[in-house]
Amino acid sequence: LILPLIAGIPIIVVYNGTTNIVIPKIISEILGIGVIELGIVYKIYMIMLAIFCTNAINIYAGINGLEVGQSLIIAISVIFYNLIQIVKGEVEENLFSLTLMLPFLFCCLGLFLYNKFPSQCFIGDTFCYFAGMTFACAGIVGHFSKTILFFFIPQIINFVVSFPQLIGLVPISRHRLPKYSTKTKKLTGLPEHWNLLNIALRILGPQREQDICNYLLIFQIICSAFALILRF
């Protein structure tokens, strides 16, 4: 928690954008409010965003390809958002985001080829923190730090489900991984491990590692498509 906090401070110092939030159209029509000014609260939110993004990808993990795959899909989603905004005339900030997202996208593509099942490399915390901070930087300095969270719906679900174990209210094992059967070569979700990976396995039943990863990445794509529809 401390390292992303320190890393996020320079980003907040150079931030020169607005401190208000635009309410999604479907909600603003109901409430009759289009914009809410937050002031200093918004800057606190941006620091928390940097902390969340770096850790959200790191805890939504445990099988080959999931960390890189979800980052790849989020990057594509952000690029789509940037292109739509550029067409609408908001050029400068979204071009800045693209200068981060395009090289990041192709780094993820190359890495995914080696990290997907059967993995030939282990990314560890290093890539997860790097990916999360890249998204936070793009969102904050690109002036869409609210919208970036729309692309983290599976990560938010995973965080909410994991929260009682993360803060120690519920007993937790070191990695909260599913159970692997050497006979069937499949993973089984464990009820004592509170995260989205185990929940998906308990709903779908025992799955091969590559299959459950694909299902979770499809869910990420669906959530990103929903996020873009909701935003616009």
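Helices (H or I, at least four residues) and strands (E, at least two) are DSSP runs, numbered from the N terminus. The views below show a predicted model, in which local features need pLDDT of at least 70, side-chain atom pairs count only at pLDDT 80 or more, and totals for chains, interfaces and linings use all residues. Residues are numbered from 1 along each chain as its sequence is written, and side-chain values use heavy atoms, with hydrogens and water left out.

**View 1. H143 sits in the loop between α6 and α7 (147–150).** Look at its backbone: phi is near 65°, a positive value in a residue other than glycine. H143 is partly exposed, at 26% relative accessibility (buried means under 20% relative accessible area, exposed over 50%, partly exposed in between; 1.4 Å probe, protein chains only).

**View 2. Y15 and Y42 form a tilted aromatic pair.** Rings of Phe, Tyr and Trp (its six-membered ring) pair if their centres lie within 6.5 Å; planes under 30 degrees apart count as stacked, over 60 as edge-to-face and the rest as tilted. By this rule there are 12 aromatic pairs. In the one shown, Y15 and Y42 are 6.2 Å apart centre to centre, with 45° between the planes. Y15 lies in the loop between α1 (2–14) and β1 (20–22) and Y42 in helix α3 (residues 40–59), so the pair ties together parts 27 residues apart in sequence. Y15 is buried at 9%, and Y42 is buried too, at 0%.

**View 3. A cis peptide bond joins F117 and P118.** Here omega is about -10°. You will find P118 in the loop between α5 (92–115) and α6 (124–141).
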